[in-house]
Amino acid sequence: MQQNNYSNQLRNPESQNQSPQFMLDYKKILFDLLRFWWLFAITIPLALGVVLAIHRYSPPIYRASMSLLMEERGTENSRESMMEGFGLTPGQRSLDNQIAVLTSRDIIRKAIDQLDFHISYFAAGRLKDTEVYTNPGFNVQMDSSAAQILNVPIYITILNEKQFELSIKSEGFNTIQYNSEATQNYGSIIDFEETFSFGELVETPWLRIIIINNGLKTSSDKAYYFEFNHPESLTAHFSSVLNAQKAGENSTIVNVSVTGNNHQKNITFLNKLSETFINANLEKKNQIATNTINFIEEQLLIISDSLSQKGTELSSYRTKNQIQSVSSEAEHLFTQIQELTTRISEKRLTFNYYDYLHQYFSSEDVLTKGLAPASYNIDNPIISNQINTILELNNERLTLSGQSNPYKNELDKQILVARNTLIEAITNQKDIIDKSITRLEEEKRSITSQLYQLPEKERRLLGIERQFDLNNEVYTFLLRKRSEAQIQKASNTSDHSVLERPRFTGTVYPKKASNYQKALFAGILLPLIFIVLRQLLNNRITSTDEIEKITSIPVIGHIMHSHKGVTNVVNSHPRSIITETFRRVRTRLEYLTANVETPIISVSSSMPGEGKTFCALNLAAVFAYSNKRTVIIGYDMRKPGLNKVLDLDNYDGLSQYYIGKVSLDDIIHQSEQENLFVIPSGAVPPNPSELISSAKTDELFEELSNRFDVIILDTPPMGVVADPVLLARKSDTLIFLARQNYTIREAFSETLKHLGVEGIKNVGILFNDIQVKKGKKGAKYGYGYGYGYGYGDGYGYGYGHGYYEEQ
């Protein structure tokens, strides 16, 4: 039953039309993983070694972090209870603006100017240098007014506890004077080396320092050097590594971090940065109170002079005229005059404040300076709102950097519009106050005229007293306001505070655990990629499984690679494993051609070099060994390989027979093996296809069928010429070869499709030149159909689990 199914598969035309849809062979990948285990043994240690070297010789980068609480609170007391108007402050800054202030170059520069970062100290190593902070073992004291060489390593070699050697080498350099930040470029070459004593002044045109030894001793293992840094370079560096982010969407906590090669230096920087930021915020709040106090001081100077003058005048008048009081009528009139005078004074004070605001906001540098005008109680909400708007816009503008910032330009326009509106409102308010003062003075003159009817001495005394009382009240009022402003300034606290002090929070680079995991992954992945790509990019047939994926035509045998050095292995080594594989193929062909008296068997392939002549010759030889008269015909007349392997190049053959120059008997040659005859190709003809398609081919096959039991045809490759198709139609069976690691899948598949189109059905596939991996005791490969047997003389042979051949 199985043999019938096999025969049906051989003759099924649909079996030749399957597409070569190649997919990954996971079983083969598994075998390759075991085969190329040594790749993993190389790549994994290599990847881990590379990571170890990176960790050993790359400068580490550390992170320091801290948390700030930005409450953005206003004054501690309300404006009404504290200063009744002396609380005009900008609105609360947004948290984003405060973060921008914290990370601005101005704040960073202020922090750096207060630190000792202008000189960096290093311990030089063979492959990497390490920055030393805070105690390098020696200290460099520089003259900030002298030129100092920038960004050039200055090496120091300790000779003994009192002396050291200073060496500098550079091709072109810059210098800086730190007190003025003036720089100068030099194109000359420095090759300086000299011995100095610790504490001695080192003075050159580009260096002026004193080096103090803080316990550094003579050492041949370590070398030290230091560099001078430009403040702006330091500012740019810390600006690039500083990061500030809100802890949450609605949180006022800001997490601040900085990265660098020295974690202690990172912590020091964050401490100073937070201190500078908090002090800047407090200074901004105190600036308003300071300006308010200055304004009050100016008014007190004016009032104090008038008060002193009126006090002296009142005392002199009473002594001279011996009068101490006035009548009730005069008291009433003078009370009215006093109230009018007080109101006029208040109006004039308010007028002076408006005049101060007009001058303050009319200045040309309103867009370039921080605004903090003196505060005074005013009853015009438009002016108050405009001042608050300008202050908020100004504070927001100061957080931005860069001249070409579009948003900054937009803020400038908004500030100018708000300023113009404010100045116009102040001008209008000054006009109203001026008219009000004029009206009050008119009313005062009217009441004053009534005083003229009173006695002269009494009237004059009352006038002096009222003027003195008025000045005294105004003076007392200003003193109280000054005290309140001073109290506010003294009680001011920053809106921001340190929630968590700076601390070391880990290593940013290298991430050792992560890098080792990545290295291990890469060590495994690279060989795996190689194995997968090797399979994907290999377009050649490597196993029987691949043939079965391309077509359902059965494989009738497997021929191992021959190491015998002869072409006719069957004749030379009749007991070899290769001979046994050909016997297996012969058995299948005898079954398939059992109903044919003299079977004609064609041997072909899809491309040259797949072993057609080798397989045809050995197949003919194995039939001859079974006592069957067998003839092999070299039908590859374009490239007669059979002639070469049997040394028949100079013999007549098919081409001479087809043109009638020789008879059939003239071209049939007896080989060295019994029952095996050969018909060579003869001379190369110009038209092999026309010769094969002639009627003489049928005559030849008919005559040979009468003389021989088996006819083997060694044909050209089917993927190249049409000759083998013509011969396959005249054959009883076509053996189609595929050579391991040589036959191209696409060519193999297309040729099989062409066979189906041509109607050639009696096809069997022979898998040739199977490579065998040898071990200590034998060789093994796994192709076949599940049976095995031992065959004497030192070798074993089995299908299913593999072939074994003793060496």
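In this predicted model, strand β11 (residues 223-228) is mostly covered, with 5 of its 6 residues buried. Two partner strands of β11 can be described. Strand β2 (residues 119-124) pairs with β11 in the antiparallel sense over 6 bridges, and within that pairing serine 120 stands opposite glutamate 227 of β11. Strand β6 (residues 154-158) also runs antiparallel to β11, joined to β11 by 3 bridges. Here tyrosine 155 faces tyrosine 225 of β11.

**The three-stranded sheet**

An open sheet of 3 strands has the order β4-β10-β9, and its pairing is antiparallel. Its edge strands are β4 (138-142) and β9 (201-204), each of which pairs on one side only. On average, neighbouring strands of this sheet are turned by 25° against each other, direction ignored. Between β9 and strand β10 (residues 207-213), which run antiparallel, there are 4 bridges. Threonine 204 stands opposite leucine 207 in β10.

An open sheet of 8 strands shows mixed pairing, in the order β15-β22-β21-β16-β20-β17-β19-β18. The edges are taken by β15 (555-560) and β18 (669-670); each has a single partner strand, so one side of each is left without a neighbour in the sheet. Strand β21 (residues 733-739) and strand β22 (residues 763-770) pair in the parallel sense over 6 bridges. The bridge partner of alanine 738 in β22 is phenylalanine 767.

Helix α17 packs on this sheet and touches β15, β16 (600-605), β17 (630-634), β19 (676-679), β20 (710-714), β21 and β22. The direction of α17 makes about 170° with that of β20. Helix α22 (residues 695-707) lies across β16, β17, β19 and β20, and runs at about 140° to β20.

Of the 14 residues in α17, 13 are buried, so the helix counts as mostly covered. What do the ends of helix α17 (residues 612-625) say about its span? At 1.5 Å a residue, the 14 residues should span 20 Å, and the end C-alpha atoms are 20 Å apart, which agrees. After α17 comes asparagine 627, whose phi is positive, near 65°.

Threonine 579 is found in helix α16 (residues 577-592). Is threonine 579 buried or exposed? Its relative accessible area is 0%, and because buried means under 20%, threonine 579 is buried. Leaving out residues up to four places away in sequence, threonine 579 touches Val569, Val570, His573, Pro574 and Val622.

**Nonpolar cores**

In soluble globular proteins, nonpolar side chains tend to be buried together. The largest nonpolar core in this model has 33 residues. Those with the most contacts inside this core are Tyr354, Leu357, Phe361, Ile383, Ile387, Leu422 and Leu478. The elements giving two or more residues to this core are α8 (263-321), α9 (328-361), α10 (381-398), α11 (406-451) and α12 (456-491). Apart from neighbours within four places in sequence, leucine 478 is in contact with Ile296, Gln299, Leu300, Ile303 and Leu349. Another core, of 32 residues, lies apart from the largest one; among its members are Ile559, Ile578, Ala621 and Leu766.

**Backbone details in loops**

Two peptide bonds are described as cis. One runs from tyrosine 133 to threonine 134, with omega near 20°, and threonine 134 is found in the loop between β3 (130-132) and β4. A cis peptide bond also joins tyrosine 509 and proline 510, with omega about -5°. Proline 510 has its place in the loop between β14 (496-509) and α13 (512-537).

| Residue | Phi | Loop | Relative accessible area |
|---|---|---|---|
| Glutamate 181 | about 60° | between β7 (163-177) and β8 (182-197) | 28% |
| Aspartate 647 | about 55° | between α18 (641-645) and α19 (654-658) | 61% |

At 28%, glutamate 181 counts as partly exposed, whereas aspartate 647, at 61%, is exposed. The cut-off for exposed is over 50%, and for buried under 20%, so a value of 28% falls in between.

Methods: Residues numbered from 1 in each chain as written. Predicted model: local features only at pLDDT ≥ 70, side-chain atom pairs only at ≥ 80, totals over all residues. Heavy atoms only, no water. Core = buried A, V, L, I, M, F, W, Y, C linked by side-chain atoms within 4.5 Å. Buried < 20%, exposed > 50% of the residue type's maximum accessible area, 1.4 Å probe, protein only. Contact = heavy atoms within 4.5 Å. Expected span 1.5 Å × (residues − 1). Pairing = 2+ DSSP bridges. Axes fitted to C-alpha atoms, helices over the stretch in contact; angles between N-to-C directions.
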